[in-house]
Amino acid sequence: MRRLILLRLGGREVHLPKLIGVFLLVFAGLMFVKAVALMVDSWDAIQNFTQCTPTDAAVCGEALYRATGVSIWAGQSVLTATQFWAALLGPIANVFFWMIVLLIGIIFYKSGHMVLPIEESVRDLADIKKRHR
């Protein structure tokens, strides 16, 4: 025999999960826009560093460090692959993190309409015979 249990996370009168969801949506939306802006800024800093002349490498290296946190060695005019990905992967991961927080905010906001179906299987067991001594 199978039964289907419907589990509702919140009722239509429960407003606290919706309120939490709205705050999460607004906050995560703003932080998502900031993370995208930082990602674009990191990309621009990398492109600016690759276009620098060897005489301006120190100034461009300082600007790259302030924008991305990646430091270069003295006399270095080209980024290594490790430095390139270190400058980009942090902002990209930040964008994905805030995207996940946005989805969690949507889940909280829609909690009054969300119903989770849970299936339960029930089996009848055979009767256990008692031993007589």
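User: Which helices are included in what covers the buried residues of α1?

Analyst: The cover includes α2 (57–68) and α3 (81–109). Please note that this is a predicted model, in which local features need pLDDT of at least 70 and side-chain atom pairs count only at pLDDT 80 or more, while totals for chains, interfaces and linings use all residues. Residues are numbered from 1 along each chain as its sequence is written, and side-chain values use heavy atoms, with hydrogens and water left out. Helices (H or I, at least four residues) and strands (E, at least two) are DSSP runs, numbered from the N terminus.

User: How do you know that the length of helix α1 agrees with its number of residues?

Analyst: The expected span of a helix is 1.5 Å times one less than its number of residues. Helix α1 (residues 16–50) has 35 residues and should therefore span 51 Å; its end C-alpha atoms are 51 Å apart, so the two values agree.

User: Why is Ser 42 called buried?

Analyst: Buried means under 20% relative accessible area, exposed over 50%, and partly exposed in between (1.4 Å probe, protein chains only). Ser 42 has a relative accessible area of 3% and is therefore buried. This residue lies in helix α1, whose buried residues also include Ala 35, Ala 45 and Phe 49.

User: What is Ser 42 in contact with, leaving aside its neighbours within four places in sequence?

Analyst: Contact means heavy atoms within 4.5 Å. With those neighbours left aside, Ser 42 is in contact with Ala 67, Thr 68, Ala 87, Leu 88 and Pro 91.

User: What makes the link of Cys 52 and Cys 60 a disulfide?

Analyst: A disulfide is a pair of cysteine sulfur atoms within 2.5 Å. The sulfur atoms of Cys 52 and Cys 60 are 1.6 Å apart, and the pair is joined by a disulfide. A search of the whole structure finds one disulfide. With -70° about the S-S bond, the link is left-handed.

User: Are the two cysteines buried or exposed, and why?

Analyst: Cys 52 has a relative accessible area of 18% and is therefore buried. Cys 60, at 12%, is buried as well. Cys 60 is found in helix α2 and touches Phe 49 and Cys 52, not counting residues up to four places away in sequence.

User: Why is Trp 98 called buried, and what does it touch?

Analyst: Trp 98 has a relative accessible area of 12% and is therefore buried. It is found in helix α3. Not counting residues up to four places away in sequence, Trp 98 touches Phe 27, Ala 28, Met 31, Phe 32 and Ala 35.
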